[in-house]
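Please keep the sequence and the structure in view while reading.

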Amino acid sequence: MKTELNCNIVRDMLPLYAENLASEESNRAIRQHLNQCENCQEYFKNMQNPIDCPEIPQKEIDYMKKVKQAYKRRTYILVSVIAAVCIVSLGIFLRFFIMGSPVFLGEAPINYKWSYDTQDKIYSIHGTIGKAQTGARIKVYEDKQSNQTIIKVYELVPSIFFPEDDFSVQIPWNGETDIVWQGKYNQQVIMSAQYMNLCISEFKDNQYKNVVDVFDMKAVDSIRHIFENSAEVSDTLLDAFDEKQYDNYINILLPSITGTYATWVTDESALQEEMSDERIFLYQENGKYYFYKEGEKLKIASEQDTKWIFDYINKK
């Protein structure tokens, strides 16, 4: 049976025919129709011809380029502004919450306690800035050029990183460097071997003679141990030593291994402690040697301990 296709069906199938995707039977029917239908022939020719795209004027191309460039510029400006804001915000955060500003003794209500462990050779410091709504950070580093150990305490805005105004640090120290509190513009030596010297002087022939002035913490520990373990021979606490009563005696000044610093001294007991006489006098009476220290009981020195002290003095 002969099948004839109408124009609409043929035109729908022409894309398959042009790409040789239709069956052989369909191709024969389409060819037969094209041979008989001039309209479909023309339609098929037009379909095979390339489509002419209208040429875009150069002005429109230039305009689109300008729009694209302007968009890029705005994007760069926006990114730059956001980056600048982030950098400034980060700088403000680091300045007030992480880095802080160094504070100097006397310029802020700083209070601290210090101690020195003569066995482990550790200098410890613990204190507070004493301001409301203040955080604190402490930094320690060695300045080899000036032979100093630098302490810097920074005042910050309280945060989860530094929520409190207290600070503490432990520093290995053997007396070879000065420990310096460094402010923004000023500095102050707060610990030095000179401050920890063992000082021993002898009063003889109506004059004092310095016989020992040296940084020797081992000897300090030994003399302190001798004094603390010497037997007490009185029940009353001693007043100030009457230096005019004796013609010959030894004056021993042991360095303090603890201390405090306060911007304002308001505690009278603390002030009295700062002013107390820490000297230990060693004198001879009736063939025996005694330790005399204001505020403590009179103690007798054993022959062995007395010999050790005088041997140490003679070696120096």
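What percentage of the 316 residues of the protein count as buried? In this model, which is predicted, 32% of the 316 residues count as buried. The accessible surface of the protein comes to about 21700 Å², and 51% of that surface belongs to carbon and sulfur atoms. The secondary structure consists of seven helices and 16 strands. Among contacts in the protein with a separation of 6 or more, 65% are accounted for by residues 24 or more positions apart.

**Helix contacts**

| Helix pair | Angle between axes | Axis distance |
|---|---|---|
| α1 and α2 | roughly 120 degrees | within 10 Å |
| α2 and α3 | about 110 degrees | 5 Å |
| α5 and α7 | about 155 degrees | 11 Å |

Helix α1 spans residues 7–18 and helix α2 spans residues 24–36, and their axes cross at roughly 120 degrees. That angle makes α1 oblique to α2, and the crossing of the two helices is left-handed. On the α1 side the contact is formed by Cys7, Val10, Met13, Leu14 and Tyr17, which meet Ser26, Asn27, Ile30, Arg31, His33 and Leu34 in α2. Sorted by class, this contact of α1 with α2 has seven nonpolar, three polar and one charged residues.

Helix α2 also packs against helix α3, which covers residues 38–48, at an angle of about 110 degrees and with the axes 5 Å apart. Because angles of 65 to 115 degrees count as roughly perpendicular, α2 and α3 are described as roughly perpendicular to each other. Here His33, Leu34, Asn35 and Gln36 of α2 meet Glu38, Cys40, Gln41 and Phe44 of α3, and the residues of this contact divide into three nonpolar, four polar and one charged.

The remaining pair in the table joins helix α5, residues 217–229, to helix α7, with an angle of about 155 degrees between them and 11 Å between their axes. Since angles over 145 degrees count as roughly antiparallel, α5 and α7 are roughly antiparallel to each other, and α5 passes α7 in a left-handed crossing. From α5 the contact takes in Ala219, Ser222, Ile223 and Ile226, while α7 supplies Asp305, Trp308, Ile309 and Tyr312. By class, six of the residues in the contact of α5 with α7 are nonpolar, one is polar and one is charged.

Helix α7, residues 303–315, also holds Thr306. Is Thr306 buried or exposed? With a relative accessibility of 7%, Thr306 counts as buried, because the cut-off for a buried residue is under 20%. Leaving aside residues up to four places away in sequence, Thr306 touches Tyr289 and Ala301.

**Asp178 and the residues around it**

Asp178 lies in strand β7, which runs over residues 178–182, and with a relative accessible area of 27% this residue is partly exposed. Which residues does Asp178 touch, not counting residues up to four places away in sequence? They are Asn147, Gln148, Thr149, Val189, Met191, Ser192 and Ala193. For one of these, Ala193, the C-alpha atom is separated by 7.2 Å from that of Asp178, although the two residues are 15 residues apart along the chain.

Asn147, another of the residues that Asp178 touches, is found in the loop between β4 (135–143) and β5 (148–156). Although Asn147 is not a glycine, its phi is positive, at about 55 degrees. Its relative accessible area of 42% makes Asn147 partly exposed.

**Asn206, a further residue with positive phi**

Asn206 lies in the loop between β9 (198–204) and β10 (207–214). Phi of Asn206 is near 60 degrees, which is a positive value in a residue other than glycine. At 68% relative accessibility Asn206 counts as exposed, whereas Asn147, at 42%, is partly exposed. The C-alpha atoms of Asn206 and Tyr246 are separated by 9.7 Å, and these two residues are 40 residues apart along the chain.

Conventions. Residues numbered from 1 in each chain as written. Predicted model: local features only at pLDDT ≥ 70, side-chain atom pairs only at ≥ 80, totals over all residues. Heavy atoms only, no water. Axes fitted to C-alpha atoms, helices over the stretch in contact; angles between N-to-C directions. Helix = DSSP H or I, 4+ residues; strand = E, 2+ residues; numbered from the N terminus. Parallel < 35°, antiparallel > 145°, perpendicular 65-115°, else oblique. Left-handed = near helix turned anticlockwise from the far one by under 90°. Contact = heavy atoms within 4.5 Å. Nonpolar A, V, L, I, M, F, W, Y, C, P; charged D, E, K, R; others polar. Buried < 20%, exposed > 50% of the residue type's maximum accessible area, 1.4 Å probe, protein only. Areas by Shrake-Rupley, 256 points an atom, 1.4 Å probe, with all protein chains shown as cover.
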